[in-house]
Amino acid sequence: MRSRQHLFSPKIDNWLIGFKDGADFVVMFFKETFSRDFEFKEFVNQCYRIGNSSLLLISLTGFVTGFVFTKQSRPSLETFGATSWLPSLVTIAIIRALAPLVTSLICAGKVGSSIGAELGSMKVTEQIDAMEVSAVNPVRFLVVTRVLASTVTIPLLSFYCALMAMAGVFLNVSNSEDTSFSAFLEQAFNNIIFLDLWTAIIKAVSYGFTIGIVGCYKGYNASNGTLGVGKAANASVVMSMFLIFIEEVFIVQVTNWFR
Amino acid sequence: MANQESSQRISAKVGLFVVIGIAILAASILTLGTMRKSFITRIDANATFVNVNGLTKGNNVWFSGVKVGTVREITFTPDSKVRVVFSIEEESQKFIKKDALVRVSSDGLIGNPIILISGGSPNVPMIENGHEFRIEKEESTQEMMKTLQANNKNILSITEDLKSLTADIRAGQGSIGKLMKDNVMYENLTKSLATVEAATKDLKQGASGLATLANKLNTEGNFVNSLATDKEIYPTIKNTISTLQTTSDNLKQTSLAAKQMVDNLEQTSKTINKMTTNTGSPVGVLLHDEKTANNIKQTISNLESSSSKLDQNMDALKHNIFFRRYFKKKTKEQQAKKE
């Protein structure tokens, strides 16, 4: 006979309670975001940390992504004698999907784990409790600033990544077809519409919010000492990446309604 | 303890609702895109093809380049043909007529296969649910290749002709070849062109002169301009022309009379000539017979002598007593007439 103290079973109940806690955390974030006394200085500081720490990595990854994607796509298009479509094809892929996705995956690894570990260590060393005791709202100071910083910075990094990827595409196309820069730009942006840019912005904002909120949630709820800090950092990365791919599916579905 | 357990149950319930809510939202987003088309009323239509060229369930149905439906079902018939059932939106039904034809085509050169509805007469009723379309003659890839092959042959033939033509030109044959190779012809042509150029210049100058003349004629006060524009001078000119016409007619009549006179003179001259040349006629005898001429001379001499003597006789008669009275009377009458 099943115990009456659980709704289903202890494991399922805990999984469901985790969902409820996550929803509570999101609601709490929005409540604190639209409350007074926004920590603007800390927000700017977090923006700088997130952007600066990921810049070099995103530059390299974006460039390589564009270069390799172009190189890999060429043989397929050569079959139809349509290599002139390469700039247009790869640009659409980069703007619509690759740039936001690559940027957010890198940031999930670097920024998400960093936030999770930082807040986790603060939690297990009771620094957050100390903040509460000293009348500082830890959610407003630690969570809101980090989540908003990642939500704002990751779209910017995403466009920077797209720019670097386009540089990689141009290098490859220029080497193979002797295409001039102006001709490349003409071909590349010929089929880009405003909706593509909006799709990229919506994706990047969603991914940025997800990375920030998951990192903060996992770090804020860390337990069991230093082991819990490692788990929080790891869970932040895994959960962020998983949610990013889920969101990708839904955002593509929604934006396709408007095409 | 009991409160804590109860609280955990409530949290689990809330979590369950959150999960269900997220699941419903996700399911809605994923299905809403296709659901949008689910609310549209459709009718079914059929067509039986020999070959559907890779057509699959879900491929589009186009009418006049507009998507009007999708392929719903593809099955084989007992005679090994392919029966395709496709749905058509009710909105488009009224535009598709019963005599419209269908064929399997392609969405672009390398695109997906589609069913293409085309044709249809305006006075024929629209299709109904379960309508069986007639098949338009399908142009398979092989037939297209055949057409392309024929085109290739034509192109080959044309290029061979061009090759032959250019070879002739290179060899200096034909008008163009001679023009390109023959220096004399080239020089002649150059001279001709120079002449044409000079003529053109002259024409240009002539045109310029004409233009100047026209300008002058258009200037007010000019004689011709006055002729053309002055209304008073016109009747005078008309009268003058009429008088000239009359004069001309008179001159013509005079000329005719003069001609007739000249003809008469000529005739007379001829007659005289004939008479003078004829030695039998009196004039001919007078002109040509020396003896007669001498006789006439003698006669004339005699006549002169007789005349002189007659004068003397007449003078003698004036002084004659019988005739003196008559002559005096005659003299008096003449003097009276003079006075």
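## Contacts and fold of chain A

In this predicted model, 87% of the contacts in chain A between residues at least 6 apart in sequence join residues at least 24 apart. Of the 259 residues of chain A, 40% count as buried.

Chain A contains eight helices and zero strands.

## The contact between the chains

Where chain A meets chain B, the contact takes 15 residues from chain A and 16 residues from chain B. On the side of chain A that touches chain B, helix H1 (10-33) and helix H8 (225-257) of chain A each supply at least two residues. H1(A) gives the most to this side, with seven residues.

Chain B holds an open sheet of eight strands with mixed pairing, in the order E7-E1-E4-E3-E2-E6-E5-E8. Strand E7 (131-132) and strand E8 (134-135) of chain B each have a single partner strand and stand at the edges, so one side of each is left without a neighbour in the sheet.

Strands of a sheet pair through backbone hydrogen bonds, in either a parallel or an antiparallel sense. Strand E5 (residues 101-106) of chain B pairs with E8(B) in the parallel sense, over two bridges. In E8(B), B:Ile135 is the bridge partner of B:Val102.

How values were computed:
Residues are numbered from 1 along each chain as its sequence is written. Chains are lettered from A and ligands numbered from 1 in the order in which they are written. This is a predicted model: local features need pLDDT of at least 70, side-chain atom pairs count only at pLDDT 80 or more; totals for chains, interfaces and linings use all residues. Two strands pair if DSSP finds at least two bridges between them. Helices (H or I, at least four residues) and strands (E, at least two) are DSSP runs, numbered from the N terminus. Two residues are in contact if their C-beta atoms, placed from the backbone, lie within 7 Å. A residue is buried if 20 or more other C-beta atoms lie within 10 Å of its own, exposed if 12 or fewer, and partly exposed in between; C-beta atoms are placed from the backbone.
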